[in-house]
Amino acid sequence: MKTTVALGLLLTAGPLMLAQTGNTVNLQIKADQVTAHMPPTFHGLMTEEINYAFEGGLYAELIRNRSFKETVPARANRQNPDQSTPAKETKDLAHWSLVQERGGAGSMALDTAAPLNPAVPASLKLTISQVSGEQRVGVANDGFWGIPVRPNTTYKAMFYAKGAGYAGGITASIMSNDGATAAATAQVAKLGDGWQKYELSLKTGNVKASADYKFVLSANRPGTVWFGFVSLFPPTYKNRVNGFRPDTMELLAAMKPQFLRFPGGNYLEGNTFDTRFNFKNTIGPIEERPGHFDDAWGYWSSDGMGLLEYLNWCDDLNMEPVLAVFAGYSLRGQKVKPGPELDVFVKEAIEEIEYVSGDATTTWGARRAKDGHPAPFKLRYVEVGNEDNFDREKGSYDGRFTAFYDAIKAKYPALQVIATTDVTSRTPDVVDEHYYRGSDDMALNANAFDSRQRGGRGAAAPPKVFVGEWATRVGAPTPNLEAAIADAANMAGLERNADIVMMNCYAPLFVNVNPGAMQWTTDLIGYDTMTAYGSPAYWAQQMFASHVADSVLNIAASGLPYREYVQPARGGRGGAPGQQQAAPAANALVPPTPMPRAMPDMFFSATKDSGAVYVNIVNRSAVPQQVHIALSGLKSIAPNGKTITLSSASTNDTNSITDPHKVEPVTADVSGLGPDFTRTVPASSITILEIKGN
Ligand code: AHR
């Protein structure tokens, strides 16, 4: 038996009915009734340094610990358990090792005398006591889970070195881990006595692609040399200097993202003020950036992925920046009240905005021009903080938000200011809402915006919503088909409510699937050192973002299949175990006894432009469903169209680094379309029906 409901009422309590087949779901789409216009910022990306998203991820740098500050992991390092203090001795130094081969001999040490610059307080000193002929003495970097070698590829090495009295040269090699084969080499014939920058090209031949390589700088004479900073880049997306990994950028480009929310997330806030994202430390020449310990997620950030790189990323993919500024509150609760202490951060935010959007006559716009980007970036959105609902002191965020809001609006009246939780003392332009859920919870809430009050929730509430982080958390490291289908249910709800939901982005975006790299399970795109893949949830995002038109259409469904909803046991955030979770409020109620409820198993939305209608049909039920579509309000409808379908044999099916294409959308031609037609969608599937007409 099936039931009949208007989409906006899907969640009203009713008799419990389970998924069935055999009946027809009726869908009425009124193409002449436009309920919303899709905002030009609807589909975007959220990003931060988590799961080695940039270090060993999108940011293409291959040398790990290029300024010799990162220490060996906390567990192995009792002297420096929080790893925030730079390495002092080579026993603490992570990812560098001494090379002594075929009888060559030497030693390496960290040397704090006469370093390259204040950002790199220690240089790596190599003392060569014995080397000749085939012998090798040098320093090796093991990269981010290896150095990726590809055939016929040119790598760009850059390093600072000096050689007080050293008579020899330096060989740079991309060397197999067993030291037997160099995939590419290049030489500096003679080192100068003072710090000098050396740049080399290393070209591989017809080698087998592999990550089983390291980068070696070796010497050919006895003596002493110092290295101040070492970098190695493979080819980057659009050949950008200090740029991005092409395979992940191509996956992102296919998502057609309209904005980028950065730099966090928890990464923006840090555990303390000292470890927040401080934009001033992330700009300028890479060898002058101090880097910082990303204590929000527990690893070192070189800050090679700095403010200008986020903006360049926006340029590369034609995205609008949505800049989150630090709001005087850190994850461990360190915070300041409005007044002189907060003013420091308000001023910093204004300067950061100027760096992004000021012209070259402004102080910080001039700095950006000096850094290589004379043209200002178009900036329309600034978010104040991140998840400030975690600051439970009454009025605290309100006060902090007000200080930022007033200062931003005074200098940049056109900027839209986003609050991270409800505030009352000012009316933000947009409020950012985050939700991480299990699949039943995501589906249960998928229609929630249908009944959200229009025009604001109370006098001071803003009219617009930014869903700045959301995900169905089923699957690790990346979501499976079950998660993707619940995500699609959510996206249909967001799309139907595009009159109030103006932006949304999934989080987290990236996970490096190498051992030890993941801090947060269920991430959209996975990669290792060599390759990257999109999860089923990635494909759901890609499908929705690539098949959407300007006008959101009136849509109503009847005869829906239902299933029983059982509230999951309380666990980590979004039901995923072992993840951080907001501490329950002091007055939190004991969770209610699980209550079975009926929840719909199908979800829909439709959009239209001058030539096509896109109908999204999400079927969570375990059986195929017949859908009768009544499409009114068009003058003509072509009988032939297309379907794009994501489904698989099991909802547990997923993509992985070893099986990257298991669950991917399939496009098919369809016929028999018109004002009245019936189609059957597969069990557990996402279908987009593209109908030509006007
Ligand atoms: O997306 C992972 C984390 O979830 C973000 O850093 C934070 O904003 C949220 O709690």
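Predicted model: local features only at pLDDT ≥ 70, side-chain atom pairs only at ≥ 80, totals over all residues.
With which side chain does the side chain of E320 make a polar contact?

Residues are numbered from 1 along each chain as its sequence is written, and side-chain values use heavy atoms, with hydrogens and water left out.

**View 1. The chain as a whole.** The chain holds 9 helices and 35 strands; these are DSSP runs numbered from the N terminus, with helices being H or I of at least four residues and strands E of at least two. Of the 694 residues, 59% are buried. Buried means under 20% relative accessible area, exposed means over 50%, and partly exposed lies in between, with a 1.4 Å probe and protein chains only. Among contacts with a separation of 6 or more, 77% join residues 24 or more positions apart, where contact means heavy atoms within 4.5 Å.

**View 2. Surroundings of E320.** E320 belongs to strand 17 (residues 320-325). E320 counts as buried because its relative accessible area is 10%. The E320 side chain makes a polar contact with the side chain of R380 at 2.7 Å. A polar contact is a pair of N or O atoms within 3.5 Å; within protein, one must be able to donate a hydrogen and the other to accept it, and residues adjacent in sequence count only if both atoms are side-chain atoms. Leaving aside neighbours within four places in sequence, E320 is in contact with T41, Q258, F259, L260, C314, K378, R380 and Y381.

View 3. C314, one of the residues in contact with E320, is buried at 2% relative accessible area. C505 is buried at 0%. The count of disulfides is 0, a disulfide being a pair of cysteine sulfur atoms within 2.5 Å.

**View 4. The second largest pocket.** This pocket has a volume of about 750 Å³ and is lined by 28 residues, of which F233, R240, V241, N242 and I286 lie nearest its centre. Two or more lining residues come from each of strand 8 (154-162), strand 11 (196-203), strand 13 (223-233) and helix 3 (307-317). On a 1 Å grid over the protein atoms alone, a pocket is an open set of points where a 1.4 Å probe fits, with protein on both sides within 12 Å along at least five of seven lines; lining residues have an atom within 4 Å of a point. Grid points are joined across faces, edges and corners, and the volume is the space filled by probe spheres set on the points.

**View 5. Helix 9.** Helix 9 (residues 536-546) is largely enclosed by the rest of the structure, because 10 of its 11 residues are buried. Among them are Y538, W539, M543 and F544.

**View 6. Loop residues with positive phi.** N152, in the loop between strand 7 (136-141) and strand 8, has phi near 50°. N152 is partly exposed, at 48% relative accessible area. N318, in the loop between helix 3 and strand 17, has a positive phi of about 55°. N318 is exposed, at 68%.

**View 7. Cis peptide bonds.** The bond from G264 to G265 is cis, with omega near 15°, and G265 lies in the loop between strand 14 (259-262) and helix 2 (266-269). The bond from A476 to P477 is cis, with omega near 0°. P477 sits in the loop between strand 21 (464-472) and helix 8 (481-496).
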